[in-house]
Amino acid sequence: MKARVFVTLKPGVLDPQGKAIHHALEGLGFGGVQDVRAGKLIELDLADGTSDADIEAMCKKLLANTVIENFRIERQAA
Amino acid sequence: MKSAVLVFPGSNCDRDLAVAIETVTGRAPAMVWHRESELPQGTDFIAIPGGFSYGDYLRSGAMAARSPIMQAVAEAAGKGVPVLGVCNGFQVLTEAGLLPGALMRNAGLHFVCRSVGLKVENSQSIFTSAYQAGEEISIPVAHHDGNYQADAETLDRLDGEGRVAFRYTGEVNGSARNIAGILNSAGNVLGMMPHPERALEPAHGNTDGRRLFEGLLEAVS
């Protein structure tokens with residue numbers, strides 16, 4: 001069973017990397033970009049029967065720093 | 001004083017910190033590997049060094065904060081044992097929840113490596129008693145992720161409770177309210193991005209960091 005965890009900065013938290021990407025896109029001539037936020041995608045290969053609560057605990061304990069980040073879990077069909 | 005310096009894979013200021021502690025206290029600290037689950041009996045000062053523990057993977061300090069020795073550090077901190085985290089050590093302390101907030105990528109995206117001006121905001125703590133409140137000192141920084149951030153409520157609380165130990169005198173890394181170092185609510189845990197161990201001897205070009213260790217030695221012994 002696979003799950004994907006998307007870790008993103010909370011709204012309002014300054015994202016210097018997103019800003020740099022934004023500037024680079026503008027430098028390449030892509031003018032229509034309003035804003036860029038960079039995050040992480042973590043793919044987990046899990047034993048069958050791993051519960052949602054288990055995955056959520058992994059996120060809270062390690063994968064995301066909930067002071068500054070939000071996370072979203074997406075289970076993938078086998 | 002019986003000190004311990006933690007060592008993680010990727011720590012690179014552990015020996016500098018050990019030399020600083022030995023120079024000031026006259027006793028070499030125990031070097032404690034991250035896989036240990038206990039600190040040496042009678043440890044009365046814990047130092048968490050700078051470096052790039054676990055290659056800064058996931059987030060700076062994130063892996064180190066979950067290593068076995070940190071459970072023992074949290075217990076000791078809860079009993080009032082002084083804990084100093086420098087640079088990566090500060091990141092480890094925030095990731096471990098022993099200090100509030102988080103250290104993010106420098107606002108300018110550059111690694112900053114130079115001496116910076118610091119204002120001593122609190123001279124009442126066990127770490128800063130050898131400084132004068134409001135005094136300006138100079139200590140080197142060397143970091144990529146030193147941009148201290150917390151929500152406004154937390155920042156107000158830190159300010160209101162006198163828990164900002166050091167503030168940058170100018171812009172360094174985008175830190176909220178120019179925060180360079182903070183204390184926990186009990187005052188026995190200090191995290192700071194600047195490296196006091198690199199400003200210890202005249203040969204370093206600057207001895208402003210020395211008084212942090214001297215003040216601590218006096219407070220502990």
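What follows is a set of questions about labels, each answered from its definition.

Modeller: This is a predicted model, where local features need pLDDT of at least 70, side-chain atom pairs count only at pLDDT 80 or more, and totals for chains, interfaces and linings use all residues. Residues are numbered from 1 along each chain as its sequence is written, chains are lettered from A and ligands numbered from 1 in the order in which they are written, and side-chain values use heavy atoms, with hydrogens and water left out.

Biologist: What is the mean pLDDT of chain A?

Modeller: pLDDT is the predictor's confidence in each residue, from 0 to 100. The mean for chain A is 94, and 99% of its residues reach 70 or more. Among the elements of chain A, α1(A) has the lowest mean, 93, and strand β2 (residues 40-45) the highest, 97. Where pLDDT is low, predicted coordinates should not be read in detail.

Biologist: How do you know that the span of helix α1 of chain A agrees with its number of residues?

Modeller: Helices (H or I, at least four residues) and strands (E, at least two) are DSSP runs, numbered from the N terminus. The expected span of a helix is 1.5 Å times one less than its number of residues. Helix α1 of chain A (residues 16-27) has 12 residues, so it should span 16 Å. Its end C-alpha atoms are 16 Å apart, which agrees. Just after α1(A), G29(A) takes a positive phi of about 95 degrees.

Biologist: Which residues of α1(A) are buried?

Modeller: Buried means under 20% relative accessible area, exposed over 50%, and partly exposed in between (1.4 Å probe, protein chains only). In α1(A), P16(A), G18(A) and H22(A) are buried. They cover an arc of only 160 degrees around the axis, so they sit on the same side of α1(A). That arc is taken from the directions from the helix axis to the C-beta atoms.

Biologist: What makes the interface of chain A and chain B, in area and in contacts?

Modeller: Contact means heavy atoms within 4.5 Å. By that rule, 16 residues of chain A are in contact with 13 residues of chain B. Buried area is the accessible area (1.4 Å probe) that two parts lose on being put together, summed over both. Here the area is about 1200 Å², and carbon and sulfur atoms give 69% of it. P16(A), L62(A) and N65(A) supply 40% of the area that chain A buries against chain B, more than any other three residues.

Biologist: Why is the pairing of R59(B) and E69(A) called a salt bridge?

Modeller: A salt bridge is a side-chain nitrogen of Lys or Arg within 4 Å of a carboxyl oxygen of Asp or Glu. R59(B) and E69(A) meet at 3.7 Å, N to O, so the pair meets the cut-off. The rule finds 1 salt bridge across the interface of chain A and chain B. Over all chains, the search finds 17.

Biologist: Where do K40(A) and E69(A) lie?

Modeller: The side chains of K40(A) and E69(A) also meet in a salt bridge, at 3.7 Å, N to O. K40(A) lies in strand β2 of chain A and E69(A) in strand β3 (residues 69-76), so the pair ties together parts that are 29 residues apart in sequence.

Biologist: Why is E135(B) called buried?

Modeller: Its relative accessible area is 19%, so E135(B) is buried. Its salt-bridge partner R211(B), with closest N and O atoms 2.7 Å apart, counts as partly exposed at 23%.

Biologist: How many residues apart are R210(B) and E214(B)?

Modeller: Both lie in helix α6 of chain B, 4 residues apart, about one turn of the helix.

Biologist: Which residues of α6(B) are buried, and what do they pack against?

Modeller: L212(B), F213(B), G215(B) and L216(B) are the buried ones. Their arc is only 160 degrees around the axis, which puts them on the same side of α6(B). They pack against elements of chain B including α1 (14-25), β3 and β4 (83-86).
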